[in-house]
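Subject: The structure for you to look at

Hi,

Here is the structure I said I would hand over.

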Amino acid sequence: MESTEKLTDTNAILAYLYETFPLCFVAEGETKPLKIGLFQDLAERLADDSKVSKTQLRVALRRYTSSWRYLKCIKAGAVRVDLDGNPCGELEQEHIDHAQATLKESQDKAKAKRAERSKDEGDAADKAPRKPKRKPQPQARRDAKPAAKDKPKAAPKAPAVPVNLVPAKLEELKVAQRVNVKLGMSPVAGSIVDINKGDVHVQLDSGLTVKVRAEYILL
């Protein structure tokens, strides 16, 4: 009997997408830009699939489109694809510029963290008391196994850099307005495509469309 156990791990869901839609989602190597609004197609195609939920699909898709591998594929001449690998139009320059800026920012942060960690480890090594020189051991003890050196403690991770944005009010928002959406640790840029009562539909620059409350819109 086929297992219907629901997938909850994001990596497992991505692996499932690689297997189910290999012409759209690429497991290794250069990826392909995704069709705008692909999440709706994905949710409809997997509506009867008990393994995944819309919430977990959204998280997995967000991780896929925010990876360095995906951001590098957002470039001039690249063509968006749907779930079956069919072309869905070339990228707009605005989306290319945003992807390149996001990639550079992410890489710069990673480089700064590595440099800070390396500096802290070096400082810790310099502050460690130096061991006195050992006296020559008798011949009988020269084959003894030397004691393992103490390893310096790993440096703490650098805190996240705060973003100077404030929550928007519903009456301030309008269709086609450029905004930032609070998703996870960092805001994500996009444009408002619809406002329905208290719900705001935002198309992210990665192509994903999300529905959020006004308080999750940052200006």
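Below are my notes on what was found, going from the whole chain to a few residues.

Some ground rules before we start. This is a predicted model, in which local features need pLDDT of at least 70, side-chain atom pairs count only at pLDDT 80 or more, and totals for chains, interfaces and linings use all residues. Residues are numbered from 1 along each chain as its sequence is written, and side-chain values use heavy atoms, with hydrogens and water left out.

**The whole protein**

The protein has 5 helices and 7 strands. Both kinds of element are DSSP runs numbered from the N terminus: helices are H or I with at least four residues, strands are E with at least two. Starting at the N terminus, the order is α-α-α-α-β-β-α-β-β-β-β-β.

How many of the 219 residues are buried? The share is 29%, where buried means under 20% relative accessible area, exposed means over 50%, and partly exposed is in between (1.4 Å probe, protein chains only). The accessible surface is about 15,200 Å², and 52% of it belongs to carbon and sulfur atoms; such areas come from the Shrake-Rupley method with a 1.4 Å probe, and for residues only the protein chains shown count as cover.

Contacts here mean heavy atoms within 4.5 Å. Looking at contacts between residues at least 6 apart in sequence, 58% join residues at least 24 apart.

**The sheet**

Now find the open sheet of 5 strands, with the order S6-S5-S4-S3-S7 and antiparallel pairing. Its edge strands are S6 (209-213) and S7 (217-218), each of which pairs on one side only. In general, strands of a sheet pair through backbone hydrogen bonds, either parallel or antiparallel. For the counting, two strands pair if DSSP finds at least two bridges between them.

- S3 (residues 178-183) and S4 (residues 186-196) are antiparallel, with 6 bridges. Val 181 sits opposite Val 188 in S4, and Asn 180 sits opposite Ala 189. The hairpin has 2 residues between the strands, and Gly 184 takes a positive phi near 70° there.
- S4 and S5 (residues 199-204) are also antiparallel, over 6 bridges. Ile 192 has Val 202 as its bridge partner in S5, while Ile 195 has Val 200. This hairpin has 2 residues between its strands, with Lys 197 in the turn at a positive phi of about 60°.
- S5 and S6 run antiparallel and are joined by 5 bridges. Val 202 turns up again here, opposite Val 210 in S6. There are 4 residues between the two strands of this hairpin, and Gly 207 in the turn has a positive phi of about 105°.

Which residues make up the covered face of S5? They are Val 200, Val 202 and Leu 204, whereas Asp 199, His 201 and Gln 203 form the uncovered face.

**A cavity and a buried threonine**

A search of the whole structure turned up 2 cavities of 30 Å³ or more. A cavity is a set of points, on a 1 Å grid over the protein atoms alone, where a 1.4 Å probe fits but cannot get out; lining residues have an atom within 4 Å of a point. Grid points are joined across faces, edges and corners, and a volume is the space filled by probe spheres set on the points.

The largest cavity holds about 50 Å³ of space.

Thr 65 lies in helix H3 (residues 54-66). Is Thr 65 buried or exposed? Thr 65 counts as buried because its relative accessibility is 8%. Beyond its neighbours within four places in sequence, Thr 65 is in contact with Leu 34, Tyr 70, Leu 71 and Ser 206.

**One more buried residue**

Last stop: Ala 99, in helix H5 (residues 93-127). Ala 99 is buried, with a relative accessible area of 4%. Leaving out neighbours within four places in sequence, Ala 99 is in contact with Leu 71 and Ile 74. The C-alpha atoms of Ala 99 and Ser 66 are 8.9 Å apart, with 33 residues separating the two along the chain.

Cheers

How values were computed:
On a 1 Å grid over the protein atoms alone, a cavity is a set of points where a 1.4 Å probe fits but cannot get out, and a pocket is an open set with protein on both sides within 12 Å along at least five of seven lines; lining residues have an atom within 4 Å of a point.
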